[in-house]
Amino acid sequence: MSDRRPEFEHRVRESGTGTASPAGTSALLDAAVVTADESFDHTEFDDEGVSTAPPVGSSWRLVGRRFVRHKIAVASLIILLVVGGLAAFASVVSPYDFNPPLTSDVLDDARQPPSWEHPFGTDKLGRDQLTRVLHALQKSLLIGLGVAVVSVVIGVLIGSMAGFYGGLTDSALMRFTDLVLVVPELAVLLIVAKNPDPSFFGLFEFPPATEVPGMILILAALGWMAIARIVRGEFLSLREKEYVEAARAAGASGPRIIWRHLLPNTVGPIVVFATLEVGAAILAEATLSFLGAGIQLPEVSLGNLISDAESTVGTDLAYLIIFPGLTLFLIVLCVNFVGDGLRDALDPKATS
Amino acid sequence: MVTATDAPLLSVSDLRVEFGTHDGSVQAVNGVSLTVRRGETLAIVGESGSGKTVTALSIMGLVERPGSIVGGEIVLEGTALTGLPEKAYRKLRGGDVAMIFQDPLSSLNPAFRVGDQIAEALLQHTYDKKDAARRHATHLLELVGIPQAGDRARDYPHQFSGGMRQRAMIAMAMANRPKLLIADEPTTALDVTIQAQVLEVLRAAQAETNAAMLLITHDLGIVAGIADRVVVMYAGRIVEEGTLDDIFYRSRHPYTLGLLGSLPRLDSDRRRPLTTIPGTPPSLLRLPPGCALAPRCAYVEDRCRAERPELEVADASAGHRSACFRAAELDDLRALAAANGAEGSA
């Protein structure tokens, strides 16, 4: 048989001399000792139309390029960044305090219609409404982002285990998900949120829902089911891919395959969901606060600002409810547009 | 030439794998025994559904529900793999035993840079540090003939051509210097011209590490080019095994002869249709009592339908075995058939 592969033998000899490495290691392992030309000459392989063009950038750059083409999404993102930045630094940006000591100076400014000095006007106690809206927005955005993060963590954890391990694990986790899905959300949220100190029968301390962390936990606890289902669905199809089998054949463990191989391929749907969840959570918080649960005055949130100004509808003071309302509308709209843009940009079936 | 010591690296004996289905259990592999020595290339040949891939997956310990190994033993270097706990098996996979899959397009994770994917394989066995693994990955890409490996390591799989992807897969499989490399139809998804290069890379890599290779294919051309010994499978059983020359020049089994006869040849009459093996493989749910090939065999006799022939020494050549009652008469029968055929067409 040796006559059949002369060059093969030649190669063996060549690489044999090239690897003056200690016993047990040779060219493939000993990167430092051998260069490519010593082991096998790769010039003879240069034939399959390897492009000489520089490698295109990462897939994220591609996603970025597609996102930029979505004009409304870009505009929404800019608005969000500007408004979010203003809200984040509200106490620096605004010359007013959102809850100033009610001196006569402040009270004299009460019920001012919108003006250059007070773009959103002032309320019954002379507080600058723009400042109050910005502080409220700060809380709303914090809650929105927090809920998105926490519900993605819960949803991904449950969805990925259900989808990857299948069988009994899948059934158990998905029935639990179904159970949480049929919980009457608003009623439970109201009950939990109105209870200022729910310690779960003394089992563990739960941060009160009247503050941001408690609000985030409550909303996330009832907001992770969609992402769990999405991730499970993706995993069900991804785990049958050959690269998963290849990873197994390379000795990867289950958690490692989930983390390194499956999750990166599920980032698209997760990001889109998380974005939309931000908008949904902001709305949910506003609803709860409007109904008297959640963030309580004198702390401000978009919900309780609107609730506080409820009685101004139809009066000259209606601007007090219009501006917080419009802000809420604008923010949620922008978040959803960004989500739409991301969905289009991350769609693998999209051209270019 | 590669050094093949006598003690087998891998020995599989009487392997049985079943898949539970609604209609009953499918015997995908039905008593397969084979050995692979160090540095040797053993080809497993057979048509779809003959149990080639399932045999390979059994060795990797990757047979999944509803399939299970119901009998037999797989021994690698004196260690029984059957019944090995999952954690120990994981250490073996990608370490001592590596596998290359059929479709390089789907065997690489699209969300992962090629270099990082190879580094990942290295991190699981050889290295602790990411940097070192990355550098080694780049070097491996160079070894399998990827130009500008440093830059290409940062590419994603979709930026690679089919042949380059399969090279990357080979680099990944060889990364931890496996003792046994299982290549499951490594070139099926590739262009013919690229096939030759990929085989060349595979061979060079194998030579360098002195790894044994289990090559699964239905392409007899590849077998002729790369294998030392050949095992022919049909309906979950080995029907013939022998050296390359035994199989190609002195085959003692009608099925092997049928496979060889169905190959297009440069010197054959181009107007004549290619010979085929009539019929289809039997359902693995209900195997006939006799020889599984009996319904399709040109040389079938009553005995073939009643009893199953065992794998027996076929001729003087050592290790040449065939599972056919009429193995010894085959040459005469073929000569007779050829003479009749010539008469008929004249």
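In chain B of this predicted model, four strands form an open sheet in the order β2-β1-β4-β5, with antiparallel pairing; two strands are taken to pair if DSSP finds at least two bridges between them. Strands β2 (24–37) and β5 (79–80) of chain B each have a single partner and stand at the edges, so one side of each lacks a neighbour in the sheet. Strands (E, at least two residues) and helices (H or I, at least four) are DSSP runs numbered from the N terminus. Local features of the model need pLDDT of at least 70, side-chain atom pairs count only at pLDDT 80 or more, and totals for chains, interfaces and linings use all residues. Residues are numbered from 1 along each chain as its sequence is written, while chains are lettered from A and ligands numbered from 1 in the order in which they are written.

Within the sheet, β1 (residues 8–21) and β4 (residues 67–76) of chain B run antiparallel and are joined by eight bridges. F19(B) has G67(B) as its bridge partner in β4(B). Helix α1 (residues 52–60) of chain B lies across β1, β2 and β4 of chain B, at about 110 degrees to β1(B). Axes are lines fitted to C-alpha atoms, for helices over the stretch in contact, and angles between N-to-C directions run from 0 to 180 degrees.

A residue is buried if 20 or more other C-beta atoms, placed from the backbone, lie within 10 Å of its own. After α12(A) comes G251(A), with a positive phi near 95 degrees.

Elsewhere in chain A, helices α14 (residues 267–290) and α16 (residues 319–346) pack at an angle of about 170 degrees, their axes 8 Å apart. The two helices are therefore roughly antiparallel, a term applied to angles over 145 degrees. Residues of α14(A), including G268(A) and V271(A), meet residues of α16(A), among them L328(A) and I331(A); contact requires C-beta atoms within 7 Å.

In chain B, A211(B) is found in the loop between α8 (192–209) and β8 (212–217). This residue is buried, with 25 other C-beta atoms within 10 Å.

How values were computed
Parallel < 35°, antiparallel > 145°, perpendicular 65-115°, else oblique. Contact = placed C-beta atoms within 7 Å. Buried ≥ 20, exposed ≤ 12 C-beta atoms within 10 Å, placed from the backbone.
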